[in-house]
Each structure stands twice: as structure tokens, then as C-alpha cells.
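I opened the model to look up a few local features. My notes follow in the order I made them.

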Amino acid sequence: MNSLAEFFSFADPNIRYVVVGSVLLTASSAIVGTFTFLNKRSLIGDAIAHAVLPGICLGFIVAGTKNPLVLIIGAFITGWLSLIAVDFITRKTRIKEDTAIGLILSVFFGIGILMLTVIQKSGNASQSGLDHFLFGKAAALVGSDLYAFLIVAVILLVVVYILFKEFALMAFDKAYAKSIGYPVRTLELILTSLIVLAVVIGIQAVGVVLMAAILITPAAAARFWTDRIVVMVLLASAFGAFSGLAGAYISFVAPAMPTGPWIVIVISTIAFVSFFLAPKRGVLYRLVRQNNIRQTINNENVLKVMYQLGEENKNFFIPRHLDEIIRRRKYEKRALQSILRRLLHQGYVEQTGNLWSLTEEGKKKAQRVVKIHRLWELYLTTYMKIAPDHVHEDAETIEHLLTPELEAELEKQLGYAKLDPHQTKIPYQHE
Amino acid sequence: MNDFYIILTASLVASSCALLGCFLILRRMAMVGDAISHAVLPGIVLAFLFSGSRDSVTMLLGAGLIGVFTTFLIEFFHKKAKLQTDAAIGVTFTWLFAVGVVLISIFAGKVDLDQDCVLYGEIAYVPLDLIISPSGTNLGPKAIYVMGIVLVLIIVFIVAGYKELFLTTFDPAYASAIGISTSLWHYLLMSAVSVTTVSSFESVGAILVVALLIAPAATAYLLTDNFKWMLVLACAAGILASLSGYYLAVWLDGSIAGAIAALSGIIFALAMVFSPTHGLFFKKLRQVAH
């Protein structure tokens, strides 16, 4: 635990630089990335990350030194150019957007690599370190880098804060934003400039290839925990900041470990955990819910069959053999047995030997399902004018889904009708 | 002779990539190709650790598997976790690439790979790795044999499965109606992409693979409406980019892979403007004539 204490005391200025730098980069990229994600343009970030390389080289050729401002201007120009090119190709030719993105990304990057190798062989001594833009150098951040990062981070935060409402609306309903008079074109321009800015400084931490991850992975993870965009932005930046911190810590403990890739591994792990375990949207939650619904439907269907058998004999509590149920509705014997055992456990049926009968509770529940089924059939024939022989399938579904409120409403609307479209009696509870 | 070896290797890579690229861009899977070419990195490192060399059957098998795994993961996130496709692709390949880079750092002493090589390869070294017969005759660079075999495999794959690939690309509904499994051919195609990526990795690097997968195919797509011609033209565009790119790189004394990628973009731009059928220039002319 010693290393942990040493790390978090931030006594070593190098640790301070790396930590502050990484956290600034990841958190601010994540905030901008949230809007990229919501606009469904995740791969655009990837394209820009590759396309800034020729701009950086160009900036270097023009300035002759690694003047950060010139490099950033250069990066800005080609980053923008790549977006314009993608847009132009998609609009003017029959090439689809994904192809255009891949094309521009690889061609711009190729040009960048060509320029970089030419510069490296030019003999200009100050070129060393340009390749940090390729692979990132989070572990080697120094004080002067931090000022540049801090300025960019502040710009990103302030602009997003001021235009938050506009960006949010554009992400969800561009047409509406336009119709109420938002300058959509300008806003898109600003947002894209922010992405370019985030990418330009972000690639110095994690490198070209992994830049897309620190833009969109935090947002993808945050999306699984909330439906509110403010919470999503905050959560994404928190995930980003945490991964920046964790990446810095890992490369502090194991100096041979590259910081950038570890930041990405940490943020990806957070994302995978979110995909699987997040309540409501996570894979696991969905599976459990699906399973619950399937069980409820099976339960109710078996109860319904037993009720219908009871209607024929005018006695709902006669014990039934499995085969009697199967004759009415097809089940695997084993599956039916497990459903019945579940119902027994819930107190809806009783077992005597190998015979099964409804309890009072079970009859009540089955009666409700049957009632809703028949009411719905009646509703469809009366209000929707659907032929009586076409309404059964629909009612088979709705009988498991209707809420008590809607059930009461339906009864009232149909005036507590006695018979369904097939002239079968609709059973009400009080009878 | 070295010039010839390098150009031949690049052309072989370009042809394999161009052929597969035609299917990728028509299936709107260009970015999946991009993702696979980055995501195979951990597979390469692991296979290297197991087999101890870069050119082995283990590596190709590993690559095929990891390509399928990448595709599967992207689909899983999209279908099961309901993540939008673009994000699913972005999250998956960056994660796998990061894992690959970390693996390289962990096994730095045991794996002869570095990040530069991964991104833009070193095709200039192709002529150095020669195959010498037992009697001492120089049989030429190994990369040419590897890429030659891969190209033959790709051609056999496309010729043998032409009907299936064609139908699953253009009319998946009809294909499954006549009993062709769309997902089987989907995964076969992705395995082919991974195998090509991995075998070309050493010589040209990830980024040129992506450029060669997409640019020549996109160029051909603007030049013809006939699919067979598209395959041929894509190869031609790829070879042309390799040839001109090589001489550009020699002239500038820069990265050959970078120059080939740049040239493939310029060839695309030319096709975009001057294609007789779909070019912007002739479209404009026709508009004016009307």
C-alpha cells in the first residue's frame, strides 16, 4: 500500500503533472465525446484523430519548431479538412458515410506518416518528440504541457456549459432545433471544433488510435446508467477522470507500462461492466426481465387452461391430470411440471398425487386473465371493427400485459358486457 | 531488384485487400474492416508468444479467430446491449488495440514487435528477409511467398464462394430464402479480412491495410456498375497505388506505406472527379448539356 500513499500524496511533481494532465484530458474529452456519441458520430472522432497528424507535421514544417500553438493550428486545419472531405464525398458521390470515414482516415494518416518520416530524416534536431502525437506520452507530461491542456480544457468546459441546452436539443431532435430558430449549422460547427480541439490535445496522452476510446467509451458507459443528459455528461466525465487517474497510477507502479493504453483498458472495463450490470439497460437486467416475463406468461397460460377446463365442467376445482392440460395447450411434460411446481409454490394450485387443481387464489388469477382476453376481443371487434376470427392472437398477448387501471377502464368502456364476440361469457370477479 | 521485391509485395497485399474491400464497402462494413485491422494486435502478440515467430500457421489461425471474435463482440454489444453500431465498433477495437499495446509492453523482451511497426510496418525491410534454398540459391524475399499464398487463398475463397458472397452482399433476404447462411458467410469474410490483415501487418502495418481495404474498392465502385469489373478495377487501383506510392516514397525519402496510402487517396480523388459514369466532372457536363 506504500506506493498508493506515495502516489496520492502527489509529492513528486512528475506524478502531479501526469495525474493532472491525464485527468484533465480524459474528463474534458469525455464531456465533448458525450455529444459525439449522442449524435451517433462516434467514428468521426476516430477520423479526426488520424487526420490531425498531417496538420501537426505541417505546423512543424512551417514553424520549424514544436511550437504548440502552431502545431494545434495545423492540426485544427487538417482535422477540419477531413470532416469536410467526409461530408463532401458522402453528399456528392454514391460512397456511403462509413466508407468515406475509413477512406479519409487512412489516407490522411498515410499522408501524415509520409510527412513525419520525411521530417525525421530531414536532420532538424527539434523534431524528436513529434511521434508522441502517434502513441501518446501521458507518462512524460511536463509543466508546460499542462498549461496548454488546462487552457483547452477550460475552453471546452466553458463552451459546453454555455451551449449545453442547445447541444442537448441538437443531439436529440435536430429538426426541432432548427424549427425553433436555433442556428443549427453554427452550433454543429462549434461542436465539431470542440471535438477537434479535444482530439488535438487528447492524442498527446493516448495516441492516435486510442483517441476514439477516450472520446466515446465514457459516454457509452454513462448511457447505460441514466436517461438524463446532465447526469450522463457528469458521469462520463467522472468515468473519464477515474480512468485517467487509474492509468497514471498503473504506470507509476509499473513504470514499463504505457499510460495511454491502460487508461483505455480501465475505461473499457468500466464500459463492459456497465453494459452487463447496469440496471434497466444492462444485458443481465434485460435477461432477468425477459425470463420473468416468460415465466409470468407461462404461469398465466397454464392457469387459464385449467380455468377453461373448469368452465366446461362447471366446476373449477376438479383435480386435473397433466395430459388434460396438454390436450388443450401444447407443453413439454417436464416444462409443464416445472410451471405447475412454481404455481404450487406461489399458492395458485394444489397437488394431490399426480393430479393438480386450482386454489381459490388460482381461480381468481385465471379468471382475470380470461376476462381480459375476452374483453380485449370485444374491444377490438367493437371499436377497431376487426373481424371476430382475427382478434384471438392479439388478446393472447394483451391478457398478460394489461395493468389494473387499464383493465378497469376497459370494463367501463364496454359497459361490463356479458358476452365476448364468440358469445362466450365474460367472467367478472363479483359473480 | 529490391525495388521490384517491394513493389511486388505491396501489389500482392493491395490485391488481396482490394478484393475483400469490394465486399466490405458494399456491405457497409468498411469500419468493421478498420476495426479488425486494429483489433488483431493482441492476437498477433499472443500467437507470437506461443509460436515464437511471426509467420506461422498458429498466427493465421489466431488472427482468424480474433477477427471473428471482434465481429462477434461488435454484434453482441449492438444486439444484446443495444449499443449503437458506431459506438460498438469504436469501443471494441480501441479496447483490443490497447490490450495489444499493453501485451507488447509486458512481453517487450520476448516479442519482436513495436508500436511503430504495428501502425505503419516496414515494407522497406522486405528484401532483407530472404528465403535461401539448401543449395544456397536465393529464392527471393519470404514476404512475397506469404502474400502470394494469401492472395491465392483469397482468390480461391472468392471464386469458390462467389455466388454465396454475391447474394449475401446484395440481397441477404433472398440469400437466406434459398438457404444460404448469411451469418456463416459474414464470419467467413471477416476471417478472410483478419488473415489478410495479419499476414500483411509485418510488411505494411495496420494503417496501410485499412487504406488498401477501402480506397481501391471505393475507387472501383465509382468506375463501374458491374461487380466483377469492380473486383478487377479495385486490384488495378491498388497495384497502381503501390507502384506510384513506392516511387513517391523513394523520391521524398519517406515511409513507403504512408506514400502508398496517400496515393491510393489521390487515385480515389481522380476517380471521384473524372469517372466517366459517376465522376463529378462528367455529371456537371451532362447537367450543363441539358
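Entry one, the hairpin. I looked at β1(A) and β2(A) and found two residues between the strands, with G353(A) taking a positive phi near 60°. Strands here are DSSP runs of E of at least two residues, and helices are runs of H or I of at least four, numbered from the N terminus. Strands β1 (residues 349-352) and β2 (residues 355-358) of chain A run antiparallel and are joined by four bridges; two strands pair if DSSP finds at least two bridges between them. I noted that T352(A) has L355(A) as its bridge partner in β2(A).

Entry two, the ground rules. This is a predicted model, where local features need pLDDT of at least 70, side-chain atom pairs count only at pLDDT 80 or more, and totals for chains, interfaces and linings use all residues. Residues are numbered from 1 along each chain as its sequence is written, chains are lettered from A and ligands numbered from 1 in the order in which they are written, and side-chain values use heavy atoms, with hydrogens and water left out.

K121(A) pairs with D253(B), with the closest N and O atoms 3.5 Å apart. This pair crosses between chains, and both residues sit in loops. K121(A) is exposed at 52% relative accessible area, while D253(B) is partly exposed at 41%; buried means under 20%, exposed over 50%, partly exposed in between (1.4 Å probe, protein chains only).

Conventions
A salt bridge is a side-chain nitrogen of Lys or Arg within 4 Å of a carboxyl oxygen of Asp or Glu.
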